[in-house]
Amino acid sequence: MAQGSGTPIGGAAAPKVEGDLTGQGGPYLSATDLVFAYGSAAPVLRGLSMTVGRGRLANVLGPNGSGKSTLLRILVGLLDPAEGQVRLGGIPLAEYPRAALARRVAYVPQETATMGGFSVLETVLMGRSPHTGALGFESAGDWHAAREALRLTDSEPLAERSLDELSGGERQRVIVARALAQEPDLILLDEPTTFLDIKHQHAIYGLLRRLVRERSLTVVCVSHDLNLAAAYADDLVLLDAGRVAAAGAPADVLRPEILSPVYDTPIEVRTDEVTGRPYLLPRPPL
Amino acid sequence: MTLRPLTARSYILTVLLWMFVWAVVSAGALAVGAENIWKWQSWEQVHNVLGLRLYSVLSASAVGAALALAGLALQALLRNPLADPYVLGVSGGASLGVILSSLWLTVIAAPLFGFIGALVTVGIIYAVAQRRGRLEPYTLLLTGVIVNAFYAAAIMLVNSLVDPARRGDIAYWMMGSINTFDPQWKIVIIVGALATAACIAFALFAKGFNLVAVGEDTAGALGVRVGRLRVVTLIIASLVTGASVALVGPIGFVGLICPHLLRLAFGPDHRRLVPATFFFGATFLVLADLATRLLEGIGGQTPPVGVLTAMAGVPFFVYLLRARWRKAAELR
């Protein structure tokens with residue numbers, strides 16, 4: 001399933017590590033040799049390659065500044081890489097018309113501004129905008145999709161409330177509902193659990209897991225939380241300084257000899273006896 | 001849960017407001033009701049009085065619609081509820097352009113120079129207030145203060161250099177007034193046409209405005225070409241502001257007051273706000289102009305309408321600023 005899986009990053013002579021998470025369904029999303037820099041600053045991505053199979057939940061991990069969010073913004077087409085290419089379903093991203101791409105790929109950004117005072121229902125209906133006409137008025141089908149998205153995220157009771165007055169967990173569910181209303185094949189999420197307590201963290205990941213299982217959605221999630229990623233993801237992609245340091249199943253990536261150099265801190269990995277998945281303990285320097 | 005489309009409410013309100021607007025034509029120091037027209041001496045008199053009233057109403061409608069739409073678009077695009085062409089200095093830039101063109105060129109060149117002044121100002125604001133592609137709300141307002149200060153100085157410089165006989169004209173013009181002594185019908189038509197075109201364009205952009213208000217990345221991921229939307233919108237806002245200033249001078253706060261009152265009535269959805277702003281902006285300035293004519297009865301002179309809108313707008317600005325702080329404190 002995962003070629004090059006668990007390969008620790010090596011010295012200068014080490015072979016290039018690629019995050020190949022093709023899965024059973026064949027590659028759905030692939031990035032090849034991505035290079036990107038903001039303006040004249042040092043490059044954020046330096047030849048990053050990875051693939052994600054259809055119907056997989058992949059989690060991108062890495063230290064601060066390793067290029068996770070930038071990668072996600074390239075994958076959704078918000079940024080154009082200086083070099084390299086992203087393919088979706090075998091077709092280069094650049095060849096998709098904007099609206100066509102928005103009908104296939106949904107994006108949940110790190111933070112959502114609350115300016116405007118839109119209601120929850122209005123916010124979720126915005127997810128239908130790639131499907132509506134020039135004036136942007138929704139059809140019965142669009143309303144149906146929005147209601148379905150609210151139902152899936154258990155947000156129906158919130159529908160008439162203003163987005164501004166929701167708690168962080170509720171708001172995050174609504175933003176995920178907006179992404180689902182797009183009826184995409186692929187959802188990209190940038191740290192969706194950052195401001196949530198442990199219950200809501202599990203609720204969001206549980207929902208993503210369910211969507212992958214029931215709807216064959218492909219999910220790529222950026223997260224700082226290694227344990228949460230290990231518990232829910234099919235595949236992990238570990239970034240380090242704009243490259244893939246390791247990719248593959250959680251047990252293959254979450255290894256002390258891989259993680260410690262990337263995070264530059266001692267890390268101990270254990271196995272959860274119930275789930276069989278790894279979890280880690282930061283070990284403070286003695 | 002009900003669908004809240006462009007409902008009867010907004011249409012009824014619009015029709016009522018327009019009936020009111022046309023009633024305004026007959027109000028003023030000289031009553032021009034249908035029953036009085038027959039008592040007048042000649043058709044020439046009827047034509048003159050009605051013509052000037054009509055000119056006032058049409059100028060105020062065109063300028064009100066244009067400035068309110070420019071304010072709405074700037075607020076949506078800059079994601080700043082305090083944005084307004086006057087506050088940001090766009091009207092100031094347009095004023096300098098119009099004054100410079102009036103020194104050497106024909107009147108009809110004024111809208112073009114107003115547009116150039118407005119567009120240059122938008123460029124300056126972007127260059128100064130932008131940090132990593134984002135416009136900080138308060139930096140934006142401070143930039144507006146600085147830009148306005150510069151234009152005020154530049155206009156005073158020009159004013160001190162011109163023929164002393166013209167100084168009073170420029171100073172009065174800078175207060176923003178609908179001048180019926182020297183009607184410029186061609187410019188009224190230009191402003192009206194531009195405001196209508198802006199309304200149509202912004203109605204097509206309304207979906208994009210909604211999404212940008214929520215977040216630029218979100219808008220981009222939902223298929224909006226944010227960069228293109230921004231450039232085209234800023235050009236249109238500069239065009240209508242420049243042409244308005246060429247016609248009536250810098251009239252402030254219309255673009256701040258109108259969209260906010262309409263948000264209270266219709267909510268944040270720009271698909272409703274754009275047409276509502278077009279009609280309400282027009283009505284608002286017609287009423288403000290009517291108020292100046294009613295004040296004429298007190299003092300014997302007509303005060304500039306820009307003075308009234310500023311007196312209404314400044315407390316409104318303070319209210320919005322306080323509301324924003326309150327909201328920020330609640331979120332914290």
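## Two helices side by side in chain B

Let's start inside chain B, where helix 4 (residues 90-104) packs against helix 6 (residues 137-161) at an angle of about 15 degrees, their axes 9 Å apart. Because angles under 35 degrees count as roughly parallel, helix 4 of chain B is roughly parallel to helix 6 of chain B. The crossing of helix 4 past helix 6 in chain B is left-handed. Keep in mind that this is a predicted model.

Which residues of these helices meet? On the helix 4 side you'll find G92(B), G93(B), S95(B), L96(B), I99(B) and L100(B), and facing them from helix 6 are V147(B), N148(B), Y151(B), A152(B), A154(B), I155(B) and V158(B). Sorted by class, this helix 4 and helix 6 contact in chain B has nine nonpolar and four polar residues, with no charged ones.

## Where chain B touches chain A

Now for the two chains together: 22 residues of chain B are in contact with 24 residues of chain A. On the chain B side, helix 8 (185-214) and helix 9 (216-221) are the elements that give two or more residues. Helix 8 of chain B supplies the largest share, with eight residues.

What kinds of residues does chain B bring to this contact with chain A? Eleven are nonpolar, five are polar and six are charged.

## A look at chain A

Chain A has nine helices and 14 strands. It runs to 286 residues, and 47% of them count as buried. Among the contacts in chain A with a separation of 6 or more, 67% are between residues 24 or more positions apart.

Conventions. Residues are numbered from 1 along each chain as its sequence is written. Chains are lettered from A and ligands numbered from 1 in the order in which they are written. This is a predicted model: local features need pLDDT of at least 70, side-chain atom pairs count only at pLDDT 80 or more; totals for chains, interfaces and linings use all residues. Two residues are in contact if their C-beta atoms, placed from the backbone, lie within 7 Å. Helices (H or I, at least four residues) and strands (E, at least two) are DSSP runs, numbered from the N terminus. Ala, Val, Leu, Ile, Met, Phe, Trp, Tyr, Cys and Pro count as nonpolar, Asp, Glu, Lys and Arg as charged, and the others, Gly among them, as polar. A residue is buried if 20 or more other C-beta atoms lie within 10 Å of its own, exposed if 12 or fewer, and partly exposed in between; C-beta atoms are placed from the backbone. Axes are lines fitted to C-alpha atoms, for helices over the stretch in contact, and angles run from 0 to 180 degrees between N-to-C directions. Angles under 35 degrees count as roughly parallel, over 145 as roughly antiparallel, 65 to 115 as roughly perpendicular and the rest as oblique. A crossing is left-handed if the near helix is turned anticlockwise from the far one by less than a right angle, and right-handed if clockwise.
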